[in-house]
Amino acid sequence: MHTPNKTPRKTLRFPVPVIDPIAGSRGPSAIRSLQSRTLLLAAPVIAILAWTVVYPNISVIVGSLADGARAWKEFFASPADREAVVSTLIVSVGSVIAATLIGVPLAFLLARFEFRGRRTLSAIATLPAALPPLVGVVAFMFLYGESGVVTRIVQHALGLERAPWSLTGLWAIVFVHAYTMYVYVFLFVSAGLERIDTTLDEAAEGLGASRAVRLRRVTLPLLTPSIGGAMLLVFMSALGSFSAPYVFGGGIRVLSTQIVASKLNGNLGLAYVETTVLALAAIVGLVVLRRFERRRSYAMSGKGRQTRVVVTSPLARALLPALAIATVAVLLLPHAMVVLVSFARDGAWTTQVLPPEYTLDNFRRMATDPALWVPIRNSVTMALIATAANVVVCFVAAYLIVLRRFPGRRLLELLVAIPWAIPATAIAIGLASTFNRNDPLTLRVLLVGTFWILPLAYFIRGIPLVATAVEGSLKQMDPSLEDAAHGLGGSWLMAVRRVILPAARPGLIAGALLAAVTAVGEFVASIVLYTHANRPIAVEILAQLRSLAFGTAAAYSVLLIGLVLTITLLARWTEGRMARSGSPVGA
Amino acid sequence: MIRPLALLSVALLLACGGDSGKNVLTVYSPHGKDLLQHYELAFERTDSTVDVQWVDMGSQEVLDRLRAEAANPQADVWFGAPAEIFERAAKEGLLEPHRPTWAASVPDEARDPQDLWYGTYLTPEVIAYNSDAVTDAEAPKDWDDVLDPKWRDRIIIRDPIASGTMRAIFGAIIARELARTGSTRAGYDWLLRLDANTKEYTLNPTILFQKLGRQEGAVTLYNMPDMAMLQVRTKMPVKWVVPTSGTPVLVEGIAIVKGARHPELAKRFYEFVTTSEALRAAANDFLRIPARTDVPADSLPAWIREAKETMKTMAVDRQLLADSLDVWMRYWDANIRNRGKRS
């Protein structure tokens with residue numbers, strides 16, 4: 001018999017309105033039609049994902065064995081590769097810890113407490129995501145690098161002979177990751193908190209539970225899917241991260257930069273082996289975390305009701321706004337730095353704390369460059385196409401994963417999570433080696449050198465972002481709601497429109513926003529796959545960096561940040577409109 | 001849901017509107033936006049039906065791209081890379097032969113015997129330093145001087161895996177020691193001592209120049225045209241010396257990509273950027289030393305004449321480099337990088 005949810009659900013210690021799924025409330029024919037519809041939906045989604053996500057990676061694995069086991073032997077004999085594996089793991093675990101330590105408390109603070117400065121802080125808390133990876137890393141170098149502004153201020157303040165620290169090594173990478181990746185944790189936990197009914201907490205309080213017990217027994221268990229999902233994303237991004245090790249990587253090797261080095265060295269076999277190892281490590285991490293996540297699953301019915309505690313203690317009233325201001329400053333510094341450099345005259349800034357000469361030339365040069373609008377148009381177009389495809393495919397995938405039971409569900413779950421694990425460079429190499437010719441027999445289509453190769457790469461990178469976010473939202477919906485809709489005689493389409501879509505909406509919008517923002521500033525896959533006709537804005541920034549026009553590159557970055565902010569505001573506005581015209585069930 | 005769909009269709013219209021119907025000539029080159037844009041506009045002025053599209057990337061990356069695209073070549077012309085890299089590409093069958101009209105005006109070491117590539121510019125390698133941090137008197141004068149312990153943690157260089165320039169310098173050092181001692185051991189030891197003095201390997205030139213300009217490092221090894229460009233364009237306090245015992249002079253080349261979609265157009269562009277006038281413009285505006293020997297010396301800027309007179313060229317066996325450099329660099333990456341300070 002079909003049971004809507006096989007996962008044993010723990011009962012909370014406190015009264016929670018969990019509606020037990022009523023098995024057998026539907027006739028056998030209804031179940032059969034739902035089941036066949038599930039398979040009908042699952043088949044094309046699995047096919048698309050297998051073709052775009054798995055197939056290129058199989059090419060990579062096949063490539064690693066092209067020369068027998070030679071490349072594998074070389075990999076295991078190389079001390080450099082051993083070093084790279086260890087560093088990669090240290091960086092990934094460190095990044096997860098750092099991002100969680102920042103993201104979770106911040107989300108709690110903003111969701112649960114009312115204090116002066118809360119609105120400002122929550123408005124800019126996601127700004128680090130608006131800093132494209134390459135730009136962010138370079139901004140960090142100018143801020144905290146050995147000759148950076150903050151470093152020199154500290155050096156002068158303490159009267160030191162030399163810089164107090166240097167931004168190199170593993171901790172520098174973790175530092176940058178903490179800044180950029182805590183946003184995932186923050187967004188996911190905030191979305192999770194939004195769905196939790198705070199009356200539950202109040203009920204627990206009424207029953208005499210202390211604050212600590214409430215946190216441990218009520219809030220955290222409900223948040224586990226969100227926190228777990230976010231930690232997973234951070235782990236995968238850190239594992240495949242390229243820009244930070246690329247810029248600070250003079251002294252360290254991680255697998256993603258090692259892949260590029262091997263490829264540049266003309267040792268494609270070794271690059272394929274390193275890619276395979278990295279992907280396998282990521283998939284192991286993925287499976288472990290998924291299992292952990294599955295162990296705990298609770299459901300809320302209805303939309304969460306929110307109340308914020310107004311901070312009353314005088315000490316907290318004084319401290320919280322100060323803390324908020326300090327956090328805002330730290331979060332904004334890299335953006336401010338990029339803006340500052342965009343007005344600095346190239347080459348004039350040497351040993352001073354701040355650039356000594358300012359000019360409008362960088363923006364003037366940018367405005368008079370006839371090619372200026374082409375990369376911007378390209379990036380926006382490609383990001384829109386990729387995100388639109390993500391929304392459709394990932395909504396269906398997440399719906400199937402969370403609310404349906406069918407053979408191949410685990411497979412689908414793995415398929416949507418794989419692309420984040422696999423570094424962008426490897427995705428790009430896989431695509432380049434798979435879609436480089438027309439060959440219907442092996443399902444190859446010529447995409448390399450065409451416009452469509454980058455939207456495809458962006459689409460693949462966006463899959464886990466959108467799918468995980470939608471899954472997070474859907475998991476907090478009680479599965480019996482869909483059954484209830486069917487039981488009340490609603491058609492399947494109506495159930496999707498009136499029940500599932502509203503429940504998925506917060507995740508759908510958060511995920512689409514992240515995917516669009518990632519795509520518009522994407523650098524690592526782009527640099528491998530772009531052609532002149534579709535060159536995106538990050539490649540244009542790199543071209544400026546290459547031609548020593550640091551100020552112009554910063555000016556382009558300012559433009560890119562503006563673009564990302566526009567997307568964010570657009571998404572929020574859409575969300576607001578949709579919420580206002582919302583459906584009865586979601587309201 | 002209607003709104004995103006509308007946005008998407010507008011985007012699709014925009015995306016499809018880019019085809020101008022012109023003959024598109026694709027050029028892969030590491031020569032940088034300024035130089036490339038100059039030639040793009042100049043060439044398009046000679047023929048309004050042509051649209052030159054250049055893709056700017058490191059020379060090792062061009063080779064990497066051509067390998068990946070071998071089944072479906074995207075580029076027509078490969079403009080710029082050290083001869084060693086062109087020789088690898090020639091060996092792998094990635095280039096199409098073309099004999100330019102001026103073939104007789106370059107020395108033998110600046111051309112391929114099968115006409116697969118020809119030299120355009122000469123690029124001497126130099127030792128450069130921040131002249132605010134290092135006086136001319138204390139600056140290193142020759143390669144071996146940079147091994148002096150006084151430079152410990154004061155040298156910053158490009159990551160040699162990605163940089164054609166650094167590969168050329170490392171290759172020349174190992175080849176020199178190999179010729180002297182008959183083994184690569186001495187060359188590796190030399191690089192290990194350099195590693196001990198090296199504070200950082202930067203992954204792109206811009207970061208190197210920034211760090212040198214801002215005194216995170218005092219000394220670097222790089223090529224002369226880029227350092228001259230840095231001096232002229234940014235007024236950074238950099239100076240350089242040509243190593244007294246001799247320096248490897250890279251020959252930068254040009255080639256037509258095998259399977260180019262527009263071979264005739266590619267040949268015209270090839271000729272266009274290598275005329276005597278074009279080379280003069282490159283020398284004056286982009287600080288490139290022409291490889292052709294028939295460009296009148298008095299039409300070239302003074303620093304080029306001076307460099308040509310004072311510079312001693314280090315003879316390098318290019319065949320040896322083409323065969324061994326990848327192996328040496330792999331050994332360096334696995335066994336020397338970051339190991340110098342431990343020994």
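How many residues of chain B are in contact with chain A? Good morning, everyone; let's start there. In this predicted model, 50 residues of chain B are in contact with 44 residues of chain A, where contact means that the C-beta atoms, placed from the backbone, lie within 7 Å.

A quick word on conventions. Residues are numbered from 1 along each chain as its sequence is written, and chains are lettered from A in the order in which they are written. Because the model is predicted, local features need pLDDT of at least 70 and side-chain atom pairs count only at pLDDT 80 or more, while totals for chains, interfaces and linings use all residues.

Back to that interface. Elements giving two or more residues to the side of chain B that touches chain A include helix 2 (33-46), strand 2 (50-56) and helix 12 (318-336) of chain B; helices here are DSSP runs of H or I with at least four residues, strands runs of E with at least two, numbered from the N terminus. Helix 1 of chain B gives the most, with 7 residues.

An automatic or database assignment sets the domain bounds: domain 1 covers 21-122 + 251-302, and domain 2 covers 123-248 + 314-342.

Definitions and conventions
Two residues are in contact if their C-beta atoms, placed from the backbone, lie within 7 Å.
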